[in-house]
Amino acid sequence: MNQTASISDVPIETCAAPQQEIGERAVFCGLTSIIWLHRKIQDAFFLVVGSRTCAHLIQSAAGVMIFAEPRFATAVLQERDLAGLADCHEEIDRVVAQVLERRPQLRNLFLVSSCPSEVIKLDLENAAARLNQQYGGRIRFFDYSGSGIETTFTQGEDSCLRRLVPHLPQDDSAEPRLLVAGTLPDIVEDQFLRLFDELGIGPVDFLPARSLDDLPPVGRQTHVVLAQPYLGDTARALIGRGASLVKAPYPLGAEGTLEWLRAAARTFAISDDHFAQVTAAPLARARHAIALQRKRLEGKRIAFLPDSQLELPLARFLKRECGAELLELGTPYFDRQTLTAELELLPQDTRIVEGQALNSQLDRVRAAQPDLTVCGLGIANPLEAEGLRTKWSIELMFSPIQGFEQAGDLTELFCRPLVRNERLAV
Ligand code: SF4
């Protein structure tokens with residue numbers, strides 16, 4: 001967790017455009033994204049260069065979720081490193097050699113910077129370049145920032161993918177391709193691949209792919225559709241390589257998935273009739289799965305505290321497909337380039353607040369007494385103790401929630417705390 005302190009008591013007025021708030025923050029840092037990135041990219045190792053705090057975070061957050069030998073570790077900076085008395089690069093070389101000795105089959109290694117390594121200005125980009133030379137291409141080294149300085153935890157993925165963009169092969173062919181950017185669970189990726197195939201859209205690539213050997217090509221004929229809303233820097237880097245960004249909402253819920261696929265289909269000039277034919281059955285299944293549980297969420301007052309950057313698409317799903325009432329919709333960052341399509345689907349009077357001033361936001365939550373507050377892990381428990389029902393937003397990062405077939409599970413994730421509340425009611 002990181003916290004920065006300053007004070008803002010600016011009252012928030014209802015408005016369509018996001019308002020900004022600055023103050024205390026309570027979010028996980030980008031190292032957290034290693035949990036889903038290392039599960040997705042199955043031939044990469046993540047070496048965090050950080051402090052004991054970073055090691056504890058990774059160990060406790062990710063350690064419990066794996067049963068095989070982990071593909072992540074922390075090179076712990078000692079006091080002498082932090083004081084500038086030791087050559088950190090020698091230490092990195094030593095730890096890297098240790099990792100490779102233990103895992104001789106390893107072919108890709110990410111050096112991940114943290115708050116401490118960034119504060120002492122340890123240059124991991126240079127370290128990666130040096131190691132690439134040293135190992136003569138036998139092992140590929142990349143670097144990215146996982147620090148929590150002014151960032152939220154999903155930005156770890158954005159930083160990782162953005163750093164991969166310069167390594168993507170150049171595609172100069174005239175054939176259009178679709179590139180889906182953003183980590184998706186394998187099961188969801190497979191479902192989307194089948195749908196794209198039935199629609200006649202292809203070739204389709206994913207970033208990240210399951211193997212770093214399959215880095216997707218990019219060029220002027222690449223159409224990028226984002227699967228995750230927090231990839232603003234990655235999207236800009238891909239545009240910088242000549243790709244174009246498809247404007248679309250995110251594939252959450254029946255409607256979000258339908259419109260996300262439709263945006264891709266229009267880009268590839270797929271006819272409306274064919275699109276309707278291919279999507280009819282999975283769309284009906286998704287709508288049915290949501291309808292089974294909708295009554296639990298209908299009319300429920302839901303607040304979002306800023307955390308994962310998934311807040312806008314989730315709120316749109318809860319409002320439009322589940323009939324919930326939106327109270328304050330907090331988001332750590334609002335990137336117009338990646339969120340315009342979502343903003344257009346939200347009611348005009350939605351109160352969106354960008355940034356965080358934790359104490360004022362908690363005061364407003366306590367005053368409003370929502371039926372459900374979607375928030376970070378560290379805030380949820382105190383709110384539960386006060387009698388408010390909460391949903392951990394980080395849980396939504398670890399669950400397959402995208403696509404038609406997962407629309408019912410997504411609905412259920414929000415119903416669960418409400419059902420528990422009913423069961424516990426005296
Ligand atoms: Fe804490 Fe920063 Fe390390 Fe994250 S990167 S665990 S915020 S010190």
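Modeller: Let us begin with the domain assignment of the protein chain, which gives domain 1 (2-25 + 286-424), domain 2 (30-151) and domain 3 (177-272). Please note that the model is predicted.

Colleague: How do you know which residues of domain 2 and domain 3 take part in the contact, and how many are there?

Modeller: Two residues count as being in contact if their C-beta atoms lie within 7 Å. The contact involves nine residues from domain 2 and six residues from domain 3. On the side of domain 2 that touches domain 3, helix 1 (residues 34-40) contributes the most, with three residues. That side consists of four nonpolar, two polar and three charged residues. The centres of domain 2 and domain 3, taken over C-alpha atoms, are 29 Å apart.

Colleague: What does the secondary structure of the protein chain come to?

Modeller: The protein chain has 17 helices and 14 strands.

Colleague: Why is the protein chain called as compact as a globular protein of that length?

Modeller: Its radius of gyration is 22 Å, and the globule rule gives 22 Å for 426 residues; the two are close, so the chain is as compact as a globular protein of that length. Along the principal axes, the C-alpha atoms fill a box of roughly 60 × 55 × 40 Å.

Colleague: What makes a residue buried, and what percentage of the protein chain do buried residues make up?

Modeller: A residue is buried if 20 or more other C-beta atoms lie within 10 Å of its own. Buried residues make up 46% of the 426 residues.

Technical notes. Residues are numbered from 1 along each chain as its sequence is written. This is a predicted model: local features need pLDDT of at least 70, side-chain atom pairs count only at pLDDT 80 or more; totals for chains, interfaces and linings use all residues. Helices (H or I, at least four residues) and strands (E, at least two) are DSSP runs, numbered from the N terminus. The radius of gyration is taken over C-alpha atoms; the globule rule is 2.2 Å times the number of residues to the power 0.38. A residue is buried if 20 or more other C-beta atoms lie within 10 Å of its own, exposed if 12 or fewer, and partly exposed in between; C-beta atoms are placed from the backbone. Domain bounds come from an automatic or database domain assignment. Ala, Val, Leu, Ile, Met, Phe, Trp, Tyr, Cys and Pro count as nonpolar, Asp, Glu, Lys and Arg as charged, and the others, Gly among them, as polar.
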